[in-house]
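Subject: Structure handover

Hi,

Here is the structure we talked about. Please open it alongside this message; my notes follow below.

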Amino acid sequence: MKESISKSILRVDSRKKIKGEAKYISDWKFKNLLFAKTVRSIKAKAKILSIELPKIPAGFYVIDKNDVPGVNRMHTVVSDHPIFAEDDVQYIGQPILIVVGPDREIIYSIASQIKIQYQEERTLFSLEEAEERSTVFTDYHYKKGKPEKAFQHAKLLIEDEFSTGYQEHVYLEPQGIAAEFKKGTLFVYGSMQCPFYVKNALLDTMNLPDNKIRVVQTVTGGAFGGKEEFPSLTACHVAIAAHKTHHPVMMIYDRSEDILCSTKRHPSKVRYKAAIDENDQVIALDIDVILNAGAYNGLSPVVLQRGIFSATNVYNIPHLNVRGRNFMTNSVPSGAYRGFGAPQTIFSIEMLFYNIAVKLGIDPLEYKMRHLLKKNDPTCTGGQIHEEVKLPEIIKKVIGKSDYYNKLKTNKKYHGIGISLFLHGCGFTGKGESVISGKIILNKNKDIVTLKVSSVEMGQGAETSLRKIVAYTLEIPIENVVCEKVDTGLIPDSGPTVASRTTMIVGGLLRQTALEMKERWNKAEILDVSKSYKHPDYLHWDDNKFHGDAYPVYSWGANVAEVEIDPITYELTIKKIDAVYDVGVPIDERTLKGQIEGGIAQGIGWATIEVMELENGKLKQSNLTDYKVPTSMDVPEINCCFISNPYEFGPFGAKCAGELPFVGAPPAVAEAVANALKKPINHLPITPERLMEIDNEN
Amino acid sequence: MKIEFYLNNEKKKIDIEASIRLLDVLREDFGLTSVKEGCGEGECGACVVLVNGKAMNSCMIPAGSIIGKSIVTLEGYKNTDRYKAIETGFMEAGSVQCGFCTPGFVMATESLLNQNPNPTDEEIKEGLSGNLCRCTGYNMIIQGVRLAIRKGAGLW
Ligand code: FES
Ligand code: FES
């Protein structure tokens, strides 16, 4: 039993999944079930003048804004998205009403006969136009040191601009949800990351008391942020339908509907002005981050926060002036996606440092290393780096593994190598963790211990890791540790399954609780021990000034990517990724490796082949034929390893890991491409067309 | 239309519209929910079943075209020794995360090894390139197949 916690064990959920016996929501059976189909806006911005319904056969229903028992807004950070459209629509795909009934063919036929008259209004699609017309949702600022003065005294000023595109999550299981009333209590079942977000949305919209709503997470076929806030909307749809029809109601999206209307990664533009002193050092940055939030703001403010708090990445820049804005456009709302705003800014600053180094004739890695953060340095928001920063060790390891300098010297044109350095702030931003104050319960019944947490298994391995933490602490077999069903009626709110917080925050609470249980183990046959999260005392944060410790601790890493470009077709092949990470202490190496490889693959997709574009407010990509994600042929050999750097407040020293690998891969690939063409790469995705253009411009 | 076919080695007769997708017939008429719908357009492989021993996307097959054919889903396949080897390989290599793609990968692996019991890594990648997985990045699935080949030596 005294084995290292990092030593891999078999995942507790894999056999059922391999056998095909895991029940996702679309596999559930209900008696007298009705199906639901959403009728959506086909206009990007319009007044709804009239809705004309065909004759509705008995047993079928049309449900719209007039059927909402409570508030017709989806509860989230900014509760501005209507559950059903009222007098106007703001994007193509916005839900107007749903058709419900026992037969899908008839539902589709009814839906196709509904006539909606619109009066079109002036639209707004691009970030450029949004900036011009200043349709700002959120405008954030923060400052560090004396940037004005630093800019005045600079020897050299360099300006640069970067941009990134949409990304679709493509969780393999599309959105799916169902609702039913049992003895006056509403039950909602579905594929989701955050059962209590869904519950809070239902509280507002259904106007039911707290004890009359239960949200049950079903086996979830991938999420990556795409099932963070979005299921709150569909949950309200089916709940309202179940309320009106007195039947269970299920809604499963097909892939094209899912792509049309679910949230995406925010397209971004990041502008930097760098002040450089006589020693070639970057002494000040002026940073302007803008995100396309889409038609409703929703969760975008917090995405923007992580984006701007990550905009200096692993570098210590004494003077900063940072602005971040979310813009409204008439397009599908953007939302949570693995990395949460950080991939956009970290790609940008990595390329900025590369571009500056090339301009100054300094080796890019050496140049980056001159600016590295160290323990006790101030963070960009004036907090402190409290932990040992092991980047020098990480870098040494990754350049050794990849033979970086040798290849850098001998590479011919169209062959490139690039290195990215990166961090990820663990857990919620700012005061987030103290506000939520996640609660957990451990229950002992003879020799069986039950974990009651709201963190969900969505593929990332949470169930295995959390059970392992408890089993290792209590020194009992993992089979004797079980998870309570994720049902808001049976578990406390330990917070949502987001922000790479599950292992470190919830796992940390479980570890402390299990230690306490261990002391009292022989005192009682049946025992409940519970705990709520308390932010460590050493952390300070001012939410109005954005000053202090934006995160309790960071995970760190470096990636080296090798690429080859076909000189005729400009097809890009990523040949290898070497990766080294400091995630504190791995809780389970194989599970973690799964997160790393999957995160890198998604990052590569975003950086290279995943193209999603708007044309007059309509997404040009509507299915997986147009929107390509990496296949087994696209993912290179990935070599990853970890260095140990235990975090005092993490379970067994663990920090965060789920988003970190996504953040690191895109800049490594982009730098390798820049190195191969000897041209800057300031935009993602890097498509062959763009490469051809870049290579041929002077 | 009356259709006769073999499902997991049993003779079945149904009366159904010829244009209905095999995917729906399997899931709805026979309750075989290991067959998943990830895209409905032949791109993801979550709905793969064996048709006369070969992996095919059941979302692209109209029921009318399966007359007389043998269809095998994971529900039938999971009782075989070959399946056991794949299960062990996938478990030990960490080939499974969310699991939604997994049944499709199991069936595609069977089809691949049936045709080529000793594939190279390149051949495995190619053989599985019709199946999407968004969680793993594939390398750990390929290692799972490798392990399955070792555990199931002589079975294919
Ligand atoms: S559902 Fe058949 S290939 Fe995707
Ligand atoms: S394990 Fe989730 S899609 Fe493959």
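How many residue pairs are in polar contact across the interface of chain A and chain B? The answer is 30, with both residues at pLDDT 80 or more. Keep in mind that this is a predicted model.

The interface first. Chain A and chain B bury about 4,000 Å² between them. Carbon and sulfur atoms carry 55% of that. Chain A puts 55 residues into the contact, and chain B puts in 43. Three residues, A:Ile18, A:Leu172 and A:Ser632, supply 20% of the area that chain A buries against chain B, more than any other three.

Eight salt bridges cross the interface. A:Asp27 forms a salt bridge with B:Arg27, with the closest N and O atoms 2.8 Å apart.

On the chain A side, α1 (14-19), α16 and β27 each give two or more residues. The largest share, eight residues, comes from α16(A). By type, the chain A side splits into 18 nonpolar, 17 polar and 20 charged residues.

Now the sheet. Four strands of chain A form an open, mixed sheet in the order β16-β23-β24-β27. β16 (415-425) and β27 (637-642) each have a single partner strand, so one side of each lacks a neighbour in the sheet. Neighbouring strands are turned by 15° against each other on average, direction ignored.

β24 (572-582) and β27 of chain A run parallel, paired over six bridges. A:Tyr581 stands opposite A:Phe642 in β27(A). Helix α16 (589-607) of chain A packs on this sheet, touching β23, β24 and β27. The direction of α16(A) makes about 130° with that of β27(A).

Best wishes

How values were computed. Residues are numbered from 1 along each chain as its sequence is written. Chains are lettered from A and ligands numbered from 1 in the order in which they are written. This is a predicted model: local features need pLDDT of at least 70, side-chain atom pairs count only at pLDDT 80 or more; totals for chains, interfaces and linings use all residues. Side-chain values use heavy atoms; hydrogens and water are left out. Two strands pair if DSSP finds at least two bridges between them. Axes are lines fitted to C-alpha atoms, for helices over the stretch in contact, and angles run from 0 to 180 degrees between N-to-C directions. Contact means heavy atoms within 4.5 Å. Buried area is the accessible area (1.4 Å probe) that two parts lose on being put together, summed over both. A salt bridge is a side-chain nitrogen of Lys or Arg within 4 Å of a carboxyl oxygen of Asp or Glu. A polar contact is a pair of N or O atoms within 3.5 Å; within protein, one must be able to donate a hydrogen and the other to accept it, and residues adjacent in sequence count only if both atoms are side-chain atoms. Ala, Val, Leu, Ile, Met, Phe, Trp, Tyr, Cys and Pro count as nonpolar, Asp, Glu, Lys and Arg as charged, and the others, Gly among them, as polar.
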